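Please have the model open.

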Amino acid sequence: MAGEDNKKHYRLLSCNEASKHHFERAANKVKIDRQHRSWLKIPFREIAVHLPVVMDDGSLKIFEGYRVQHNNARGPHKGGIRYHPEVSIDHVRGLASWMTWKTALLNLPLGGAKGGVKCDAKNMSEGELERLTRKYTQAISVDIGPYQDVPAPDVNTDEKVMAWMMDEYSKLRGYNPAVVTGKPVDLGGSPGRKDATGRGVASIVEHWANSNNYKMAESTAAIQGFGNVGYYTAHHLNEMGCKIVAVSDTGAAVVNEDGFDVEKLFRHKQETGSVAGCPGSTTLESSEIFSVRCDFLIPAALENAITKDNLADIKAAVIFEAANGPTCPLVEPELAEKGITIVPDILTNSGGVVVSYFEWVQNLQQFSWTAEQVDLELQRKMKNAYQRVVDKASEKKVSLRIAAYMLAIEKVLSAARTRGAY
Ligand code: NAD
């Protein structure tokens, strides 16, 4: 029976359950009436589509696609598109709500949404991915738009996918680059968008280090996931002097106590398809990334990376959630008991949506900013959000996560109340 209780206690929460778990705990600390409390938890609109796509071998395959628009009290819905075999409506629901809290926390005039297609993108050809993207865009085209809902890249989608989405939408509804962000710069993308999430993560790490007596040049980091967010986080941390002592992808973890040359590691992954076997490093099982001795542990892959299975192994002082929802909420009390701080996802990885917002603004203005201007504004926003979260946590004596959610809920609540039942 005790064993069963333990299992129940540690059941992994879905993204949607995790998001609601954090929302409830923060909402308990905010003055919120019952009606708004119920309203802010549920999505405004959920779209499910079935997409027939001709595959390279001539067969017809039907894919499931979703777009969930969680809340637009503060502005048009905003959020990425994920291509992954684990995508489901409930998964997308949770990811969409995280976008509402993230845009509110960063004080962007945007709401929250997320989309996804259940597919094995890594084993599809470029032609298949393009046909799938165009079908998906056609299917959701009436519900997206520059003032309605603005998609962006997420796991297994990139600037090429955003270019196809922009092109397909423009064919159907007239040329409008502001319909998606994360586009190539030549098609109205913003300088600095590609590395913005990693740039933002590195900036949050630096602010935390400065206020906690860590010197970047004497600190070490281990990063789970070496895709867009993981690689650019490693790149920018390295530029700040921080040693990247371990990196993992789905195939392996590699460790180098002297610190990786991040660009060499990146080239190795491009050439071989994995970080495994990178010269000068030791190759371990992918899951062993969590037991590496380091100051900063940075999960930058998928949800539920930190669970009861690796909790005891973690030796880092602080976890920076570069991925969305990488820490199972039910193990957070034990991490706190171990003295491990969590800097929450809605703050840590918000650099991507900040520069997406800048891209949207540039498209609407039909005026391009310089890379320097984008970086300056990004740094300003990240610093401001970090300080507000730290101040709120200290004022209310709550964790950084609860403080971040409290700030976000207060913003959305204020907009929803002021607009009325819009
Ligand atoms: P990506 O597809 O570019 O990279 C994901 C990486 O994670 C890949 O290298 C993959 O091999 C790795 N991975 C997957 N499962 C793993 C595992 N079990 N162990 C180790 N590595 C694993 O995706 P991304 O855009 O870098 O997104 C990563 C995370 O960051 C996601 O949670 C995403 O929602 C979040 N995020 C992304 C952005 C963005 O701008 N791309 C913005 C905010 C948040």
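The points below are grouped by topic.

This is a predicted model, in which local features need pLDDT of at least 70, side-chain atom pairs count only at pLDDT 80 or more, and totals for chains, interfaces and linings use all residues. Residues are numbered from 1 along each chain as its sequence is written, and side-chain values use heavy atoms, without hydrogens and water.

**Second largest pocket**
- The volume of the second largest pocket is about 280 Å³.
- Its lining has 13 residues, with Glu332, Ala336, Ile340, Ile342 and Ser399 nearest the centre.
- Two or more lining residues come from each of α2 (15–27), α10 (332–337), β12 (341–343) and α14 (400–419).
- The lining splits into seven nonpolar, three polar and three charged residues. Nonpolar covers Ala, Val, Leu, Ile, Met, Phe, Trp, Tyr, Cys and Pro; charged covers Asp, Glu, Lys and Arg; the others, Gly among them, are polar.

**Helices α3 and α14**
- The axes of α3 (residues 34–41) and α14 come within 11 Å and cross at roughly 110°.
- α3 and α14 are therefore roughly perpendicular (65 to 115 degrees).
- From α3, His36, Trp39 and Leu40 meet Ile409, Val412, Leu413, Ala416 and Arg417 of α14.
- This contact (heavy atoms within 4.5 Å) involves six nonpolar residues, one polar and one charged.

**Glutamine 362**
- Glutamine 362 sits in helix α12 (residues 351–365).
- Beyond neighbours within four places in sequence, glutamine 362 is in contact with Ser190, Pro191, Phe367, Ser368, Trp369 and Val374.

Technical notes
On a 1 Å grid over the protein atoms alone, a cavity is a set of points where a 1.4 Å probe fits but cannot get out, and a pocket is an open set with protein on both sides within 12 Å along at least five of seven lines; lining residues have an atom within 4 Å of a point. Grid points are joined across faces, edges and corners, and a volume is the space filled by probe spheres set on the points. Helices (H or I, at least four residues) and strands (E, at least two) are DSSP runs, numbered from the N terminus. Axes are lines fitted to C-alpha atoms, for helices over the stretch in contact, and angles run from 0 to 180 degrees between N-to-C directions. Angles under 35 degrees count as roughly parallel, over 145 as roughly antiparallel, 65 to 115 as roughly perpendicular and the rest as oblique.
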